[in-house]
Amino acid sequence: MIELQGLTKRYGEKLAVDGLTCTVRPGIVTGFLGPNGAGKSTTMRMMLDLDRPTHGTVLIDGQHYRQLKDPLRTVGALLDAKAMHGGRSAYNHLLCLAQSNGIPRARVREVLDTVGLTAVAKKRSKGFSLGMGQRLGIAGALLGDPQILMFDEPVNGLDPEGIHWIRNLMKNLAAQGRTVFVSSHLMSEMALTADHLIVIGQGRLLADTSMADFIRQNSRSYVRLRSPEIERLLDVLAGAGITAVTTEDGHLEVDGTESAQLGELAARHKLVLHELSPQQASLEEAFMQLTAESVEYHAHSAPPGGDPRPVAGADAPPDAPPDGGAAPPGGGWGADWRKKKGS
Amino acid sequence: MTTPQPQAAHPAAPQTAPQAPPHAAPGYWPGTAPAGGPAGPVGYVSPIPVRKATLMDAVSAEWTKIRSVRSTIWTLSVMVAIIVGIGLLIAAGVDASGSKMTGSTALAGGFFSVMLGMICVLTLGVLTISSEYGTGMIRTTLTACPDRVRVLTAKAIVFFALTFAITLVSTALVAMFDVAMLEDQAEFAASGGEWLKVTVGTSLFVGLLGIISLAVGTLLRHSAGAITVMLGLVLAPLVVAMFMYTESLSSVRKALFEYSIPMLLSVFYGASGESSATSLSGWDPLWVIAIAAAVALGGAYASLLKRDA
């Protein structure tokens with residue numbers, strides 16, 4: 001169990017993490033989601049007492065990390081793949097970690113076997129691919145057979161087989177009653193692994209909900225219709241009080257009406273339908289909508305006819321307008337810039 | 001993906017277990033796995049016996065770290081080669097020339113090679129910690145041992161012991177050769193106390209200089225920068241003093257000269273007394289460098305505790 005209470009980290013003027021309060025529970029995989037620069041890694045570093053919070057605390061089973069008597073036996077963490085000395089062999093890297101916590105030497109062989117690096121145990125990690133480095137980092141996290149596991153972007157650089165492996169590993173670890181906390185910026189990845197979601201943007205908590213609830217609340221479901229008699233279909237729908245939106249490729253999209261009802265309606269009016277399919281907007285879209293206002297590094301695609309912008313997007317002032325950020329995502333930046341220029 | 005998979009919402013393991021690849025075969029994990037997934041806050045209990053980690057654990061970890069990197073082995077080999085090799089060459093040269101070593105014992109021949117070999121300790125001392133910052137290993141280290149004082153103490157113990165042992169063996173070898181080859185040319189016979197100074201004294205001195213390097217590496221976190229600072233610290237005072245001609249600065253000049261690392265070390269090799277430029281004698285250099293090491297290490301502890309890793 002990890003408890004964050006009002007966790008805040010300030011770097012100069014910039015709030016990297018802003019009053020984060022949440023709880024990571026055992027027995028499930030908790031996904032920690034946010035766009036790049038949202039403060040995920042900073043939060044994880046504060047959990048491990050690598051960075052000191054400006055305010056707030058993190059409690060690991062009721063204790064501060066630095067009070068843990070045998071930290072690797074309690075928390076295993078994968079921060080970044082290459083947080084190791086490249087000149088040291090995989091075996092020696094794990095050995096020195098094991099020794100520092102009084103973990104039996106035999107355990108090093110066990111975890112190397114678990115992550116499938118036994119064959120390269122004596123090789124220096126400098127020559128490892130990103131995926132192999134990631135596996136070695138995971139081996140280090142598993143070394144103490146800990147009750148809490150934290151992975152920062154664990155699927156980075158893994159091949160499909162490796163991704164499949166780590167997903168199952170995380171699920172199995174959680175099923176054994178451990179606390180599994182995994183960060184990612186990919187909603188699709190989380191949808192496959194996480195049971196619970198904590199979403200942050202610009203250091204602030206945006207959502208703390210179960211995966212099922214998140215899916216229910218955030219994915220827009222609609223029915224897609226295709227018909228050769230589109231005009232008549234629109235009339236019939238309008239007659240029944242149903243609003244339909246015509247898409248660019250000539251489909252109709254209907255929100256809030258069951259596909260069965262639409263099919264029956266079409267049949268009653270003897271309309272030919274080429275398609276009648278219930279759809280759900282992807283979770284990726286839902287996630288992007290949720291975090292749109294807090295994304296720090298936008299890539300700007302110049303709008304057609306829009307004024308060419310003199311500066312690159314990275315210089316954009318990240319602060320949302322004080323009136324609650326009601327500005328539509330995308331328009332916000334330019335408006336901000338013009339405001340700044342005017343003042 | 002357009003439709004979310006229903007199983008994402010159900011963590012209970014039955015449908016995930018058969019997919020497990022060979023590495024993560026079910027049942028591999030020892031311990032008490034609750035059978036039915038998340039049934040309340042059930043903790044996991046590891047079967048591996050738990051014991052409190054101690055400073056000795058940190059020391060053995062640091063020993064593994066230092067011996068498992070090639071740069072350590074290379075740097076220390078070069079150091080032994082320089083101290084012993086150049087020490088022997090000098091002894092052989094002085095022996096062949098047949099000239100008198102006025103005002104000193106036969107042991108004085110060992111000074112120059114130790115001075116050169118010491119450079120390796122500066123480099124290695126800095127690298128012992130700065131390479132961890134350079135590679136990101138420091139975050140792994142501090143996660144494994146959040147007690148930062150313990151981490152630096154373990155590093156200091158291991159590095160001091162290692163440099164002391166290696167310098168002791170090298171200087172003892174050189175001293176034996178010097179006495180065997182140059183005894184007849186030296187003005188004074190080497191006493192037991194002087195033997196002790198050029199072996200144990202020099203080794204303690206070099207070890208403490210290593211501690212200063214470790215501290216500077218901790219403070220600066222950057223290998224090249226810290227090594228440059230250490231080289232400057234060792235060489236600059238002497239060089240600056242050499243070019244300080246002005247009469248009004250003569251006291252500064254004298255202090256710079258006296259307390260420069262090469263002059264301090266030379267005291268162990270008999271460069272004291274009225275004929276030399278320094279007023280220090282006996283074991284004084286050791287106290288000077290010990291105080292410097294204590295101050296540097298204190299600063300390193302403070303910095304390590306205060307700053308984010």
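User: Which residue is the bridge partner of A:Ile148 in E7(A)?

Analyst: That's A:Thr179. Keep in mind that this is a predicted model.

User: How does the chain cross from E6(A) to E7(A)?

Analyst: It goes through helix H6 of chain A, residues 160-175, and the β-α-β crossover is right-handed.

User: And how many bridges join E6(A) to strand E7?

Analyst: Five, with the two strands running parallel. E7 covers residues 179-184 of chain A.

User: What about E5 of chain A, how many bridges join that strand to E6(A)?

Analyst: Four, and that pair runs parallel too. E5 spans residues 75-78, and A:Ala77 sits opposite A:Met150 of E6(A).

User: Is E6 of chain A mostly covered or mostly open?

Analyst: Mostly covered: five of its five residues, 148-152, are buried.

User: Which residues are on which side of E6(A)?

Analyst: A:Ile148, A:Met150 and A:Asp152 are on one side, with A:Leu149 and A:Phe151 on the other, and both faces are covered.

User: Why that every-other-one pattern?

Analyst: Because side chains in a regular strand alternate between the two faces of the sheet.

User: Switching to chain B: which residues does the UniProt annotation "transmembrane region" cover?

Analyst: The unreviewed entry lists several stretches, including 73-94 and 285-305.

User: What is the chain like over residues 73-94 of chain B?

Analyst: There it's 100% helix and 0% strand, with the end C-alpha atoms 31 Å apart.

User: And how far apart are the end C-alpha atoms over residues 285-305 of chain B?

Analyst: They're 30 Å apart, and that stretch is 100% helix as well.

Conventions
Residues are numbered from 1 along each chain as its sequence is written. Chains are lettered from A and ligands numbered from 1 in the order in which they are written. This is a predicted model: local features need pLDDT of at least 70, side-chain atom pairs count only at pLDDT 80 or more; totals for chains, interfaces and linings use all residues. UniProt positions are given in the numbering used here, feature names are shortened, and annotations may be inferred rather than shown by experiment. A residue is buried if 20 or more other C-beta atoms lie within 10 Å of its own, exposed if 12 or fewer, and partly exposed in between; C-beta atoms are placed from the backbone. Two strands pair if DSSP finds at least two bridges between them. A crossover is right-handed if, with the strands pointing away from the viewer, the path from the first strand over the helix to the second runs clockwise.
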